[in-house]
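Please consider the sequence and the structure shown here together.

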Amino acid sequence: MLKFDYVTRTVAATALGLTLAAQTAWAETKIRVQSVIPITADETVMLQDFAKDVFDLTGGEVVFEVLAAGSVVGVQETLDAVDAGLIEGGFAWTHYWSGKHPAAMLFGSPVAGAGVGMDNIAFMSWFLYGGGKELYDQLWDEMGVNVKGFMLQPAGPEALGWFKEPIESMEDFRKYRFRTPPGIPGQTYKDIGIASVAMGGGDILPALEKGTIDAAEWCCPKPDSVFGFQKVLKHYYLQGLHQVVVNADLYINKDVFNSLTPLQQKAIEVAANASLMKSMAYRIRENGLALDKLVNEDGVILHDTPVDYFTEYMNAANKALETNAAENAFFKTVWDSQKEFAKTAIPFWAGSQTSNANLGRAYADQLKKQ
């Protein structure tokens, strides 16, 4: 009888131990991610897609809860809140934090393709295989924040923007008060004589309606049309240099990330890498549909950007890059890495892309004749 009781207790204890272990293994980790943009924005939609991938890959163990801008802290306090652990995660464009370190621009929005001709696809090549990811991980230490970053959503090139009247030269452009991004891209506009005004996305349309500004850029046809710029301005220029590459990123408190299992960490990494391709594919379709509607239903007139813009902006951007490299060692390290990558990658990529661009332009011209 004693032997039976011992066996019974042993089996019961083992079963209980297995149950507790299973419960521990299946414990849910919730990571609240506050975005810097509204919950309905395309970027947030794609962020939700990333969150679902992580949920599926971890069997429901890791749950990302996406919060709208301002839910816990102000937009400008997002990264600091992640650093302090007030929220577990944040979602923004890394050039937003250029005030903490100038090299943030080289990851979030390298002005004029970092001055070396990088588009968003070439940038991803540098990031994944040219040493960019390792420098990106170092960026947070350079900033002094307790953060693990993941690049999720490359975009670009962004449109030059919206105008009341056609612009045929830089002389025409300089007549306008123009909403620009913050940091070096916006400063470069000032350097070429543009009345540059930095403001948040949600403030642009009211400023246009009030006449505080009379021209603006934000992103691309789909996000621009969501903001409703076509209601105020009708002249749209697709080709811009200020944000040829722009990346939206996820920030996780490093202590929170380190508390995850290696498999959970790997799931986030895999989902982030998948998001790079998925977001580019998503944007091509959505921007194409949006541009078609803008032109064919909303009365928007599409123009080519004046040729003298490209030379003026590129020259000013290069001067800004050189100045920052001379003043900050880590900025120089990152920019040197991008330049070294570009020596061999860009001549190949630009040359091969020429045929794609010509092919696409020929088809677009055919559509105009139908």
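## The largest cavity

The largest cavity holds about 60 Å³ of space. A cavity is a set of points, on a 1 Å grid over the protein atoms alone, where a 1.4 Å probe fits but cannot get out; grid points are joined across faces, edges and corners, and the volume is the space filled by probe spheres set on the points. The structure holds one cavity of 30 Å³ or more. This is a predicted model, in which local features need pLDDT of at least 70 and side-chain atom pairs count only at pLDDT 80 or more, while totals for chains, interfaces and linings use all residues. Residues are numbered from 1 along each chain as its sequence is written, and side-chain values use heavy atoms, with hydrogens and water left out.

Lining residues, which have an atom within 4 Å of a point, include Phe-127, Lys-133, Tyr-136, Phe-150 and Glu-269 for this cavity. At least two residues of the lining come from each of α7, β4 and α13. Here helices (H or I, at least four residues) and strands (E, at least two) are DSSP runs, numbered from the N terminus.

## The five-stranded sheet

β4 belongs to an open sheet of five strands, in the order β2-β1-β3-β10-β4, with mixed pairing. The strands β2 (62-67) and β4 (147-155) stand at the edges with a single partner strand each, so one side of each is left without a neighbour in the sheet. On average, neighbouring strands of this sheet are turned by 25° against each other, direction ignored. Two strands pair if DSSP finds at least two bridges between them. Strands of a sheet pair through backbone hydrogen bonds, either parallel or antiparallel. β4 and β10 (residues 246-253) run antiparallel and are joined by eight bridges; Lys-148 stands opposite Ile-252 in β10.

Two helices lie across strands of this sheet. Helix α2 (residues 42-57) lies across β1 (29-35), β2, β3 (89-93), β4 and β10, and runs at about 165° to β2. Helix α7 (residues 132-143) lies across β4 and β10, at about 130° to β4. Axes are lines fitted to C-alpha atoms, for helices over the stretch in contact, and angles run from 0 to 180 degrees between N-to-C directions.

Asn-247 lies in strand β10. Its relative accessibility is 0%, and therefore Asn-247 counts as buried (under 20% relative accessible area, with a 1.4 Å probe and protein chains only). The side chain of Asn-247 reaches the backbone oxygen of Phe-107 at 2.8 Å. Leaving aside neighbours within four places in sequence, Asn-247 is in contact (heavy atoms within 4.5 Å) with residues including Trp-93, Phe-107, Phe-123, Met-124 and Met-151.

Phe-123 and Met-124 are among the buried residues of helix α6 (residues 120-129). The buried residues of α6 pack against α4 (104-108), α7, β4, β10, α13 (262-296) and α15 (329-369). The N-terminal end of α6 is capped by Asp-119, with a side-chain oxygen 3.2 Å from the backbone nitrogen of Ile-121. Gly-131, which follows α6, has a positive phi, near 95°.

## The six-stranded sheet

A further open sheet has six strands in the order β7-β6-β8-β5-β9-β11, and its pairing is mixed. Its edge strands, β7 (195-198) and β11 (301-303), each pair on one side only. Strands β5 (residues 161-163) and β8 (residues 215-216) pair in the antiparallel sense over two bridges, and Trp-162 stands opposite Ala-216 in β8.

His-101 is placed in the loop between β3 and α4. With a relative accessible area of 6%, His-101 is buried. The side chain of His-101 reaches the backbone nitrogen of Ala-103 at 3.1 Å. Apart from neighbours within four places in sequence, the contacts of His-101 include Leu-139, Glu-142 and Phe-331.

Met-105 is placed in helix α4 and counts as buried at 1% relative accessibility. Met-105 and His-95 are ten residues apart in sequence, yet 4.3 Å apart in space, C-alpha to C-alpha. Not counting residues up to four places away in sequence, Met-105 touches residues including His-95, Pro-110, Ile-184 and Phe-331.

Note on methods:
Buried < 20%, exposed > 50% of the residue type's maximum accessible area, 1.4 Å probe, protein only. Polar contact = N/O pair within 3.5 Å; in protein donor to acceptor, adjacent residues only side chain to side chain. 1 Å grid on protein atoms, 1.4 Å probe; cavity = no way out; pocket = protein on both sides within 12 Å on 5 of 7 lines; lining within 4 Å.
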